[in-house]
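Subject: Structure handover and notes

Hello,

I am passing on the structure that you will be working with, and my notes on it follow below. Please read them with the model open beside you.

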Amino acid sequence: EAAVADAELVLEAVPERLDLKIRGFRDLDRVAPPACILASNSSGFPLAALASATNRPTQVIVWHWASPPAVMKFAELVVRPDTRPDVVETVKQLARSCGKNPVVVKDNPMAWGYVANRIYAAMLVEAGRVVAEGTASHAEVNQLMVDCFGWPVGPFAMVEGAQKGFSNDGAGTSGTTHKG
């Protein structure tokens, strides 16, 4: 409680389980100052579900980070029509100060995932087909995507890395509170 007592923004990063995130938002809503922005690093749960767990839904936003976060400039900010413009601007500025390139997208409660993960999921399906056909191995697909598109890691390494943490070999496999 003391850690967020005077916070201007709290970024939740609990495991990707809706029950944990909702419980976390209820707890944060109870202990954070009324003006505090509550952000989630969810990969795809509807912002509407997270915001409705609080008494400050217009101050709740998703700031989706990509793996590996130390390398990726990605900052997918998910908003609802009633998200306050000052909340969006504050999170955009903070993302830029972290070296990220924030892009604001709209919440779609009818789909799991935001823009990046929805497109990434479609790409993973095709990458899986390539491997299932015997055309290339997981490691070969990873290396091709790194070399062709300049990705920091390949698609299969990204999935594994999001679960375990990244090594520094690029194509290989995976080995906060803000006070203003």
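The chain has six helices and six strands, where helices (H or I, at least four residues) and strands (E, at least two) are DSSP runs numbered from the N terminus. Followed along the sequence, these elements come in the pattern β-α-β-α-β-β-α-β-α-α-α-β. This is a predicted model, in which local features need pLDDT of at least 70 and side-chain atom pairs count only at pLDDT 80 or more, while totals for chains, interfaces and linings use all residues. Residues are numbered from 1 along each chain as its sequence is written, and side-chain values use heavy atoms, with hydrogens and water left out.

Of the 180 residues of the chain, 41% count as buried; here buried means under 20% relative accessible area, exposed means over 50%, and partly exposed covers what lies in between, with a 1.4 Å probe and protein chains only.

The interior

In soluble globular proteins, nonpolar side chains tend to be buried together. A nonpolar core is taken here as a set of buried Ala, Val, Leu, Ile, Met, Phe, Trp, Tyr and Cys residues joined through side-chain atoms within 4.5 Å. The largest such core has 18 residues, and Val10 and Leu38 are the ones that touch the most other members. Helix H1 (18–31), helix H2 (47–51) and strand S3 (60–64) each contribute at least two residues to this core. Apart from it lies another core, of 14 residues, including Leu11, Ile37, Ala39 and Val88. Once its neighbours within four places in sequence are set aside, leucine 38 is in contact (heavy atoms within 4.5 Å) with Val10, Phe25, Leu28, Asp29, Ala32, Thr54, Arg56, Gln59, Val60 and Ile61.

Charged pairs

The structure holds 10 salt bridges, a salt bridge being a side-chain nitrogen of Lys or Arg within 4 Å of a carboxyl oxygen of Asp or Glu.

Another salt bridge joins the side chains of arginine 30 and aspartate 27, at 3.9 Å from N to O; both residues lie in helix H1, three residues apart, or about one turn of the helix. Arginine 30 is exposed, at 57% relative accessibility, whereas aspartate 27 is partly exposed, at 36%. Arginine 84 forms a salt bridge with aspartate 86, their closest N and O atoms being 2.7 Å apart. Of that pair, arginine 84 is partly exposed at 30% relative accessibility, and aspartate 86 is likewise partly exposed, at 41%. Finally, Glu12, Glu16 and Lys21 are linked in a network of salt bridges.

The 19 residues of helix H4 (residues 115–133) should span 27 Å at 1.5 Å a residue, and its end C-alpha atoms are 28 Å apart, which agrees; the expected span is 1.5 Å times one less than the number of residues. H4 is followed by glycine 134, whose phi is positive, near 85°.

Helix H5 (residues 138–149) has 12 residues and reaches 16 Å from its first C-alpha to its last, close to the 16 Å expected. Val141, Asn142 and Val146 are buried in H5. They cover an arc of only 130° around the axis, which puts them on the same side of H5, the arc being that of the directions from the helix axis to the C-beta atoms. Leu144, Asp147 and Cys148, on the other side of H5, are exposed. Just after H5, glycine 150 takes a positive phi of about 70°.

Aspartate 107

Aspartate 107 is found in the loop between strand S5 (101–106) and H4, and is buried, with a relative accessible area of 14%. Leaving aside its neighbours within four places in sequence, aspartate 107 is in contact with Pro46, Leu47, Ala48, Val78, Val79 and Arg80. Aspartate 107 and proline 81 are 26 residues apart in sequence, and their C-alpha atoms are 8.5 Å apart in space.

With best wishes
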